[in-house]
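Colleague: Could you walk me through some side-chain contacts in this one? I'd like to start with how the terms are meant.

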Amino acid sequence: MGGALSCDTLILMKVIIGLGNPGKEYTNTRHNVGRETAEAIAKYFKCDQFSPDKKYAGLVTKGLFGEEKAIYILPDTFMNRSGKALSDISTKPKDLIVIHDDTDLPLGTVKISFGKNSAGHKGVESIMRAIKSKDFWRVRIGIQKKKRVDSMKLVLQKFTPTERLIIKKIEKKVLEALSGSLLVTTITI
């Protein structure tokens, strides 16, 4: 399914970008929950494996997102330069879905929003600068612990096995929410 579509046929499409940091040392960290969720969605829709693509400064796969053509992007830049992956995108901002961590939301909570400010998230700010708009969808996945931890210390912490189970449930809920009509909503596990 994923390999049958070429870049040329994907003119009008959804763009799903999962924010995080590249490299094995960041796998399973809270900052990479967006990246890992985008990977899970691409896998669900039976897209091919992600492969490097210089045009998008990251790993890319193409395929479907529900009934629509889609490109999935995992930037190979660090979080603060995520917008570089979208500098050549010709899709309208309303067809962009950015999935990322949110240190203001408790673990087990997701907020889907449209056209909001970055709330200080550097990856989202980078995307807003790159596409010159804030009119895109955001899937904000909560990563905060019960006893509040400073954002700078929190984002690079690994999930515990129990927290990983919560993230797997969140990935399923995000997929369910995105598979229907995109609506501004809050999901809590």
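Modeller: Buried means under 20% relative accessible area and exposed means over 50%, with partly exposed in between, using a 1.4 Å probe and protein chains only. This is a predicted model, in which local features need pLDDT of at least 70 and side-chain atom pairs count only at pLDDT 80 or more, while totals for chains, interfaces and linings use all residues. Residues are numbered from 1 along each chain as its sequence is written, and side-chain values use heavy atoms, with hydrogens and water left out.

Colleague: OK, is Glu125 buried or exposed, or in between?

Modeller: Glu125 has a relative accessibility of 23%, so it counts as partly exposed.

Colleague: And which residue does Glu125 form a salt bridge with?

Modeller: Its partner is Lys122, with the closest N and O atoms 3.8 Å apart; a salt bridge here is a side-chain nitrogen of Lys or Arg within 4 Å of a carboxyl oxygen of Asp or Glu. Both residues belong to helix α2 (residues 122-131), and because they are three residues apart there, about one helical turn separates them. Helices (H or I, at least four residues) and strands (E, at least two) are DSSP runs, numbered from the N terminus. Lys122 is partly exposed, at 46% relative accessible area.

Colleague: How many salt bridges does the structure hold?

Modeller: The structure holds nine salt bridges. One of them pairs Asp95 with Lys14, where the closest N and O atoms are 3.4 Å apart.

Colleague: What else does Asp95 meet in a salt bridge?

Modeller: The side chain of Lys94 also meets Asp95, at 4.0 Å from N to O, and Lys94 counts as partly exposed with 45% relative accessibility.

Colleague: Switching topic, what does Ser126 touch?

Modeller: Ser126, which has its place in helix α2, touches Asn80, Arg81, Ser82, Gly83 and Lys84, leaving aside residues up to four places away in sequence; contact means heavy atoms within 4.5 Å. A polar atom of the Ser126 side chain lies 3.4 Å from the backbone nitrogen of Ser82. Ser126 is buried, with a relative accessible area of 8%.

Note on methods
Polar contact = N/O pair within 3.5 Å; in protein donor to acceptor, adjacent residues only side chain to side chain.
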